[in-house]
Amino acid sequence: MTVQDVRSFNRFYTNVIGALDYGRRLYAPYTLTESRVLYELAHAPRTDAADLRTQLHLDAGYLTRILNKFEEDGLVERGPSDTDPRRRRITLTAPGREAAALLDERARETVGAMLDTVPDKDRPRLAEAMRTVRTILGDGDGGGPGDGGRRVPRPEDVVLREPAPGDLGWIIQRNAALYAAEYGFDADYEALVARIVADYAEDHDPRMERTWIAELDGRPVGCVMCVRDGAPGAARLRLLLVEPDARGLRIGDRLVGALVGFAREAGYREVVLWTNDILGAARRIYQRRGFVLVAEKPHHSFGRDLTGQDWRLDLHATPH
C-alpha cells in the first residue's frame, strides 16, 4: 500500500460522506460539526466541555461558540460538573433531544437509502471491510490468537441512544430469549415484557419517561426503561438487559446511571424497581448505585419458584 492509495480512498470516501450529509441537506439547519456535538450530547447523558473536546478533537474556542449558539437556541443547559467544580456540565434540553432525534432519524433514512443500492450478497463483505478499517486504523488492536484476530471491544466503544424503529421489538425478543436460556422462564415472561413495551410505545411522556439502547459496533447490546410509577413522584426502572457477549463493559452500570440521572433531572423523588433474587449481577449494580432492598416475597411466576424483591433509591438522599 502507498500513500497515494490512502489518499485516493480518502477522496472517494469524502465524496460518499458528502453525498450523505449535504446532498440531502441531512444536517440543515446545523453544520456537520454542530450535528456531531448534538449527537455526542444525545448519547452521553452527562458530559462536559472537556469531554466533548477530547471526543471530537475540536478547538476549545470553536466548541465554546457552538455551545453558546446551542444555549441561545434553547438546545442545551450548562451547569457545574458533578465531579469537578472547575468544569461545566452540558445537558440537552427537551428541544435539544428532539433536534438530536430528528438528525438521527434523517441519518438512518439516508444511510438506509444508500444501503438499499447494495445487493444483499455484498453486504457481509462491506460490513467486514468497514470493521477491518476501524480495527487497523483505530486503536491498533487487531485482536489476538484467542479471539480469532478480532478487535476486543472497550467500554468507550459503547454508546447509549434512544430507540430506533425496531428496537422496541428487539427488547421483547431478547428479553424472552435470554431469560428462557439463562433462567428457564416460560412464555409468561415474554407476554409481560410485550405488555410493558406496548404500553410505553402507545402512550409515554418523553419529558418523564425514556428508553435507552446500548449500541456496540452498530448493534443493540443492552437496554433499560424509565416509566412513571403509580406512586406520586416515583419513577420505575424496567427491563434492564445486557447481551452475554457484551458483559464486562460496564454497560448495565451505565444504563442504570443514565436512568438515575434522567429521573433526577425530571424531578422524580425516587426510583423503584422489582426484580428477582436470582438476578445477582443486576442486584449488584443496583446496590452500587445506592438502591436499598425494601421488601421480599416468594412467588411462582414464569414457570419458576422465585423470590421477588422491591428496591428503592431515594434521589434526595443520594449524591448526584
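Which residues is Phe291 in contact with, leaving aside its neighbours within four places in sequence? I looked this up first. Phe291 is in contact with Val256, Val260, Val271, Leu273, Tyr286, Trp311, Arg312 and Leu313. I note here that the model is predicted.

**Entry: cores**

I then looked at the nonpolar core around Phe291. The largest nonpolar core has 54 residues, and Phe291 is among the members that touch the most others, together with Ile171, Trp212, Leu237, Ile251, Val271 and Tyr286. Helix H9, residues 251–265, supplies the largest share of this core, with eight residues. I also found a second, separate core of 19 residues, which includes Tyr30, Ala49, Leu56 and Ile90.

**Entry: overall counts**

I counted secondary structure and burial next. The protein has ten helices and ten strands. Of its 320 residues, 40% are buried. I also checked how far apart in sequence the contacting residues lie. Among contacts between residues at least 6 apart, 60% join residues at least 24 apart.

**Entry: three-stranded sheet**

I traced an open sheet of three strands in the order S1-S3-S2, with antiparallel pairing. Strand S1 (47–48) and strand S2 (76–80) are the edges; each has a single partner strand, so one side of each is left without a neighbour in the sheet. S1 is joined to strand S3, residues 88–92, by two bridges, and the two run antiparallel. Thr47 has Ile90 in S3 as its bridge partner. Ile90 had already come up in my notes, as one of the residues of the second core.

**Entry: seven-stranded sheet**

I followed another open sheet, with seven strands in the order S4-S5-S6-S7-S8-S10-S9 and mixed pairing. Its edge strands are S4 (158–161) and S9 (292–301), each pairing on one side only. On average, neighbouring strands of this sheet are turned by 20 degrees against each other, direction ignored. Helix H2, residues 32–43, packs on the sheet and touches S4 and strand S5 (210–216). The direction of H2 makes about 85 degrees with that of S4.

I checked H2 itself as well. The helix has twelve residues and reaches 17 Å from its first C-alpha to its last, close to the 16 Å expected at 1.5 Å a residue. In H2, I listed Thr33, Glu34, Ser35, Val37, Leu38, Leu41 and His43 as buried.

I worked along the strand pairs from S5. S5 and S6 pair in the antiparallel sense over seven bridges. Glu215 has Pro220 in S6 as its bridge partner. S6 is mostly covered, with eight of its ten residues buried. On to the next pair: S6 and S7 pair in the antiparallel sense over six bridges, and Arg228 has Ala235 in S7 as its bridge partner.

I then looked at the turns. The hairpin of S5 and S6 has two residues between the strands. The hairpin of S6 and S7 has five residues between the strands, and there Gly233 takes a positive phi near 75 degrees.

**Entry: positive phi away from glycine**

Most residues other than glycine have a negative phi. I noted two residues that depart from this. Asp217 has a positive phi of about 55 degrees although it is not a glycine. Asp217 is found in the loop between S5 and strand S6 (219–228). At 38% relative accessibility, Asp217 counts as partly exposed.

Leu239 has a positive phi of about 60 degrees, and it is not a glycine either. Leu239 is in strand S7, residues 234–242. Is Leu239 buried or exposed? At 11% relative accessibility, Leu239 counts as buried.

Glu270 is found in S8, residues 270–276. Its relative accessibility is 8%, so Glu270 counts as buried, the cut-off being under 20%. Which side chain does the side chain of Glu270 make a polar contact with? The partner is the side chain of Arg312, at 2.2 Å. Not counting residues up to four places away in sequence, Glu270 touches Gly233, Ala234, Ala235, Arg312, Leu313, Asp314 and Leu315. Arg312 is also among the contacts I noted for Phe291.

S8 and strand S10, residues 304–314, pair in the antiparallel sense over seven bridges. Within this pair, I found Asn276 opposite Gly308 in S10.

How values were computed: Residues are numbered from 1 along each chain as its sequence is written. This is a predicted model: local features need pLDDT of at least 70, side-chain atom pairs count only at pLDDT 80 or more; totals for chains, interfaces and linings use all residues. Side-chain values use heavy atoms; hydrogens and water are left out. Two strands pair if DSSP finds at least two bridges between them. Helices (H or I, at least four residues) and strands (E, at least two) are DSSP runs, numbered from the N terminus. A nonpolar core is a set of buried Ala, Val, Leu, Ile, Met, Phe, Trp, Tyr and Cys residues joined through side-chain atoms within 4.5 Å. Buried means under 20% relative accessible area, exposed over 50%, partly exposed in between (1.4 Å probe, protein chains only). Contact means heavy atoms within 4.5 Å. A polar contact is a pair of N or O atoms within 3.5 Å; within protein, one must be able to donate a hydrogen and the other to accept it, and residues adjacent in sequence count only if both atoms are side-chain atoms. Axes are lines fitted to C-alpha atoms, for helices over the stretch in contact, and angles run from 0 to 180 degrees between N-to-C directions. The expected span of a helix is 1.5 Å times one less than its number of residues.
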